[in-house]
Amino acid sequence: MAEERKSGHRRRVHYAGRYPRRFEEKYKEHAPEKYADTVEHIIDKGSTPAGMHISICVDEILSILAVQPGERGLDCTLGYGGHSRRLLERLAGQGHLTSLDIDPIESVKTEARLRALGYGEDIFSVRRINFAEIDRVAEEQGRFDFVLADLGVSSMQIDDPARGFSYKVEGPLDLRMNPERGMSAAERLRELSREEIEGMLRENADEPYAHELAAAITRCFRAGKCLDTTSALRELIEQTLGALKSVQALSAAERKEELKKSCQRSFQALRIDINHEYEVLEQLLTKLPGVLNPGGRVAILSFHSGEDRLVKRSFKELRRAGIYAEIAEELTRPSAEECVRNPRARSAKLRWAVRGACAQEAPGWSS
Ligand SMILES: C[S@@+](CC[C@H](N)C(=O)[O-])C[C@H]1O[C@@H](n2cnc3c(N)ncnc32)[C@H](O)[C@@H]1O
């Protein structure tokens, strides 16, 4: 209220209760520059304000990348720009950072925010391009001294009901990081066979109810029904699990937890599938050595075991081939303190590699 009086504004959106619940009611969180106290209070409580993303493992990444003024860097995943901003601070006005993102909605807002902080084209470029094409970026801009990839989706994408990433809120079943390209998750489900849906749920999220869910989804389409919204898919998962004897035997609290996890896994599996997340990560990993200068550092933050396995395997193989001089022997995880402050950091896994000073060209990667 004091903030409102100071800024001369009345509460613009009416909501029931003391705090807004719906995404569109959280107008203070959408304007962190204006309502800094509110935003700080929400972060202190361990939540992410709507329209924001709290960057993960920032100190660890800065220490791995050891950015020096005058260097040239690439942030493959701009998101809210938290990491990019810290990397730009380390450049201290000398050198250049290029940041990529395929999200045409959030990347525009983030670029405007960073430009408003005084980062001009001379030091900072934003490209709306898939990181699978880093070779193209390096062809235009030259090789990089440091590269960061913070995989997956941002909190802004998850929290915006219109993007359809969350089973918790009603929205279209979309889940595309770039909604201007490809097909939505609803369209994709309609074109898959029962076996393909089952395989997708199993391979992308180790879903234990993959068989039952795939059968229920195809039955639903055969009956002429739609699965076009996040809540329609959540209800189908709820009904399918609710009909299983093994789930009925659980306590109410256990059933609730089982349903929550199955929803999380199913939405994750769909997201990975429609955004081709494994395929683009493999391309990034293959092309990385070709875009790094000798001695160049790379840090990759991943959020589930499937991604981490790919990163670990690629780094190990390229270390054995003498292309990387050094790689992380152990995973770096966010501190317990960071996980309390930002529960979304809990599943983060950080790995790094350093390109050899006179690395041999390996077949299959461009330089
Ligand atoms: C976890 S967020 C990054 C958050 C960012 N590091 C920060 O500090 O705000 C991941 C971002 O990468 C983008 N992204 C995911 N896959 C991508 C890809 N293949 N190419 C380019 N951007 C991608 C997403 O759209 C999202 O904005």
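Let's start with a pair of side chains: Gln157 and Asp103 are joined by a polar contact of 2.7 Å. Please keep in mind that this is a predicted model, so treat that distance as a computed one.

Gln157 sits in helix α7, which runs over residues 155-159. Is Gln157 buried or exposed? Its relative accessibility is 4%, and because buried means under 20%, Gln157 counts as buried. If we set aside residues up to four places away in sequence, Gln157 touches Asp103, Arg163, Phe165 and Met177.

His83 belongs to helix α4, residues 82-91. With 7% relative accessibility, His83 counts as buried as well. Which residues does His83 contact, once its neighbours within four places in sequence are left aside? They are Ser55, Ile56, Val58, Ile61, Asp75, Leu148, Asp150 and Leu301.

Now to the ligand itself. There are 24 residues around the ligand, and the ones that come nearest are Ser55, His83, Asp101, Asn130 and Asp150. By class, that shell has 10 nonpolar, 11 polar and three charged residues.

For those of you who like to see individual atoms, here are some pairs to look for on the screen. An oxygen atom of the ligand lies 2.9 Å from a backbone N or O atom of Tyr80. For Gly82, a backbone N or O atom is 3.3 Å from an oxygen atom of the ligand. Asn130 uses its side chain: an N or O atom there is 2.9 Å from a nitrogen atom of the ligand. As for cover, the ligand on its own has 600 Å² of accessible area, and the protein covers 98% of that.

Finally, let's zoom out to the whole protein. The protein has 16 helices and seven strands. Of its 367 residues, 53% count as buried. The protein exposes about 18100 Å², and carbon and sulfur atoms supply 49% of that area. And if you look at contacts between residues at least 6 apart in sequence, 69% of them join residues at least 24 apart.

Key:
Residues numbered from 1 in each chain as written. Predicted model: local features only at pLDDT ≥ 70, side-chain atom pairs only at ≥ 80, totals over all residues. Heavy atoms only, no water. Helix = DSSP H or I, 4+ residues; strand = E, 2+ residues; numbered from the N terminus. Buried < 20%, exposed > 50% of the residue type's maximum accessible area, 1.4 Å probe, protein only. Contact = heavy atoms within 4.5 Å. Polar contact = N/O pair within 3.5 Å; in protein donor to acceptor, adjacent residues only side chain to side chain. Near = heavy atom within 4 Å. Areas by Shrake-Rupley, 256 points an atom, 1.4 Å probe, with all protein chains shown as cover. Nonpolar A, V, L, I, M, F, W, Y, C, P; charged D, E, K, R; others polar.
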